[in-house]
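Good morning, everyone, and thank you for coming.

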Amino acid sequence: MNRRYRKTVIAGNWKMNMTATETKKFAEDIRKHLEARPKWCETLICVPACNISTAMKAFKDLRISVGAENVYFEEKGAYTGEVSADMLKDLGVKYVIIGHSERRQYFCETDSTVNKKVHAVLNAGMNPIICVGESLEQRETGITSEWIALQVKSALFGVPADKLRRCIIAYEPIWAIGTGKTATAEQAGEVCSEIRATIRALYGARVARSVTIQYGGSMNEKNAEELLAQPDIDGGLIGGAALVPEKFVAIINAANQE
Ligand code: PGA
């Protein structure tokens, strides 16, 4: 973390978990564990679109904001089942996860659709959390750096510097997601600093140092502190551990240091 130049952001990603009823229960439980409202880090949970309003009400006085897990890039029209950026914005959403590896894998998202979604979210005045990450095969072949640089460049294509400050990049090695296998703090820190170097080459040092870069992939209450101690890791995108109030609170506490 480096709070001098950028925000620390802890974001839960609930994926396709939690009904509206379970969301209310989670808020009650987390209230019991959260001793102090997070002050030094921005905290949010990205929930399924149908639970956004319920979560907003339930988390209101906890200083936990509510994000979305996906968006469609067209403004409006005949796209049955999709949700637009304006619809999310109108509900009070500030952050939207884009290009999660599960969406790339199961829902045919490409670097090109990711880029369109980034623009849609920025144009609506919200903040995209852009996910990038390599597969185990890519890591073992030794092409992690090139692959991640390509994903970052494609996602940010056409994004001007003043809007880039609103983007968060989440480095999520696919082999670490939901597997219990975390990248070591050094491995994660190394890729996150390469991401910053890619942004620096595109936008200059000033902009690059202001961008929040998260790590995601089996981040939990045990490894959060070590990961967050890396200078270029400014927060986390947390799946499994964000479904368990005690664990999520422990991660918030690890990031909520003065
Ligand atoms: P995980 O998921 O923490 O369960 O590995 C992270 C994510 O997919 O964002």
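Predicted model: local features only at pLDDT ≥ 70, side-chain atom pairs only at ≥ 80, totals over all residues.

Let me begin with glutamate 74, which counts as partly exposed because its relative accessibility is 33%, where buried means under 20% relative accessible area, exposed over 50%, and partly exposed in between, with a 1.4 Å probe and protein chains only. Residues are numbered from 1 along each chain as its sequence is written, and side-chain values use heavy atoms, with hydrogens and water left out.

Glutamate 74 sits in the loop between β3 (65–68) and α3 (85–91), these helices (H or I, at least four residues) and strands (E, at least two) being DSSP runs numbered from the N terminus.

On arginine 4, we are in the segment before β1 (9–13), and this arginine 4 is exposed, with a relative accessible area of 68%.

Now, how many disulfides does a search of the whole structure find? The search finds zero, a disulfide being a pair of cysteine sulfur atoms within 2.5 Å. For cysteine 50, the closest cysteine sulfur, in cysteine 46, is 14 Å from its own sulfur, which is too far for a bond, although cysteine 50 is exposed, at a relative accessible area of 67%. Likewise, the sulfur of cysteine 108 lies 17 Å from the closest cysteine sulfur, in cysteine 131, too far for a bond, and cysteine 108 counts as exposed at 64% relative accessibility.
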